[in-house]
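Hi,

Here is the structure I promised to pass on. Have a look at it first, and my notes follow below.

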Amino acid sequence: MTASKAAEREERERFDGVDESGDKQVLGKQLWRILPFIKPYKGRFVLGIVANAGARACDLLPFVAMGLLTDAVLNGEITEVRQYAWYGGMILAAFTGLAIFQGISNYSWETLAQFLQHDIRMKAFDSLIKMEMRYFEDRQTGDIMSVLSADVNQLENFLSDASTSIIRIIVTFSAAFAILMWMSWKLTIILFGPIAVIIPLVYFFSTRVQRRYRESRQSFGDINSVLANNISGMGVVQAYNAEQYEAARVGKESGAYMDAAVKATVIRNRFLPGIYVIAGVAFGLLASIGGWLVMTEDITPGQFVTFLLMSTRMSMPLFILGMLVNQIQKSEASARRVFAMIDLEPTIVDKEGAVDLDNRAEKITFDDVHFAYPGAQKVLNGVSFELKKNQSLGIVGPTGAGKSTIVKLLLRYYEPDSGIALMNDSDLQELTLASMRNQIGYVSQDVYLFHGTVRENISYSDQSASQEEIEEAARLAGAHDFICDFVEGYETVVGDRGVKISGGQRQRISLARSLLRRPPLLILDEATSSVDTRTEEIIQRNLNEFKDGRMTVAVAHRLSTIRDADVILVLVEGVVVERGTHDELLAADGVYADLWAVQTGDLEQATGQATKHDD
Ligand code: ADP
């Protein structure tokens, strides 16, 4: 295995819970990790166990009573109806006890399962939300979601269902064992002998089926990923008549899930008949050897009755055992994925000794910054610049030059490989993330609006903002007028990704969100690329007024956007090839001047298109 493959595999094990060594375990170690989550609910947990044990005892008690009754009748000890009624009463009491205990047990376990699934999900989400952007860039949303939904639900099922069955089996078996030992050790051996055979069988098959369950859990995540992808991109799918192609993709993932599940079923169903055969042999032996023991007067007919009745209770747990192992293994596969998420350790965190930025950000410095995305080519090759309060910086250059990467380093989504990025005079890495990001208003290239109203989307950056402040931000962003044109104004609900409004409108709402915060550092990554040039001009004018007292970094493809910037960096293949004001760069007659000539030459046509697309 090459070093990078080994690293990749190690990452998969760490981040996604893919641990093939765990396939050989029946009750894997991940499920045990639920135990600490039970701690806050100790009382409920103990009550659940005690009530379940009580229910099982009440379940077996009538059999003992019937055995005693049989002996009493055969020995002529019963002379009055009252004595029969006494036994009847005992049986009734046992059933009443069963009903009460079972109810308490179910209530305790089912509520416990709900509490735990909530706590586990929140803990996993808590870890997830702290992860650096790289984690999300490398993963599919659908797969992450399936961990938080399907896998956590599997654990809930395990808790409410499988764990009670485990207790049921343990209590039933040990109570039956005790009662039978009390009556006759020979009977105990006949009943428990076959069980001893079944246990290795269970182990043998379950270790084979575990890998299939792991595969099927993973496949389920893959289906979710393809579906999430598909549904988000439905417009593209239909525009390119790619329905069949997408159906084939979903079909492939769904088929993989089906195959893994079918393989698991095949293995399981090879195992279940084995249990039936062994149970059949055991029952046959029970009846014949038990009868023989009655004839040799080793046991009384009453004990034989108790024994036979009790054996019927033993067969159920045995069959459940098969299903249970099934459940446990599915849950183990889910637990592995869930706990892998809980164990996530972000690498972009507050360093030891990190301090809060105590003043407003008034200076940003990049000094000889080099950067490559993990496992990829170098993107930035010694980028340096300085930006001070009241200044704006424009970054231009061809696609892929590394413009957005500079922004990602500014936000500390990633860290430089060498060189240094400073806010005021502190290395970004020496500052607490929260205090540093608090200084920033950011409009990303792919604007994201949450499902909710326009007002909620704008006030996302400052939940305490008043309606006046929200409207003021919207005005600055050139959004107020079109928002007022909506029938419901600021209360208009925008779709999941803001699909009910145009791209340009989305950008302006997102811009308003960043302006509302009145951030010391405003970062605009192609923030007005979908807005028509006339509207953009208005926004630029507003932003120029807004510039006072803050810094602005604007990445733009359209040069008119950054024309008024105090400094413009021209970036080509991660290197700043030119820098200066618009006029200086035009005079230099280099890359920028060329780009400007091309864009102004095309301007009329470009404007027409932009206007058509917007609104
Ligand atoms: P620009 O904003 O100038 O168009 P970017 O900064 O987005 O360019 O990207 C610069 C280069 O880095 C591109 O070649 C791009 O493919 C690559 N890149 C961007 N994001 C990632 C990532 N998360 N992982 C690996 N490579 C990336």
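Let me start with the aromatics: Phe371, Tyr373 and Tyr414 form one aromatic cluster. Keep in mind that this is a predicted model.

There are 14 aromatic pairs in the structure. One of them is phenylalanine 366 with phenylalanine 385: the ring centres are 4.8 Å apart and the planes meet at 20°, so this pair counts as stacked. It ties together distant parts of the chain, with phenylalanine 366 in strand β1 (residues 363-372) and phenylalanine 385 in strand β2 (residues 378-388), 19 residues apart. Both phenylalanine 366 and phenylalanine 385 are buried.

Another ring worth a click is phenylalanine 546, where the charged end of arginine 550 sits over the ring, 3.9 Å from its centre.

Now the ligand. It has 13 residues around it, and Glu137, Gly400, Lys403, Ser404 and Thr405 come nearest. By type, the shell splits into five nonpolar, five polar and three charged residues. Helix α12 (residues 403-410) provides the largest share of that shell, with four residues.

Taken alone, the ligand exposes 560 Å², and the protein buries 65% of that.

Cheers

How values were computed:
Residues numbered from 1 in each chain as written. Predicted model: local features only at pLDDT ≥ 70, side-chain atom pairs only at ≥ 80, totals over all residues. Heavy atoms only, no water. Near = heavy atom within 4 Å. Areas by Shrake-Rupley, 256 points an atom, 1.4 Å probe, with all protein chains shown as cover. Helix = DSSP H or I, 4+ residues; strand = E, 2+ residues; numbered from the N terminus. Nonpolar A, V, L, I, M, F, W, Y, C, P; charged D, E, K, R; others polar. Phe/Tyr/Trp six-rings, centres within 6.5 Å; stacked < 30°, edge-to-face > 60°. Buried < 20%, exposed > 50% of the residue type's maximum accessible area, 1.4 Å probe, protein only. Lys NZ or Arg CZ within 6 Å of the ring centre and 35° of its normal.
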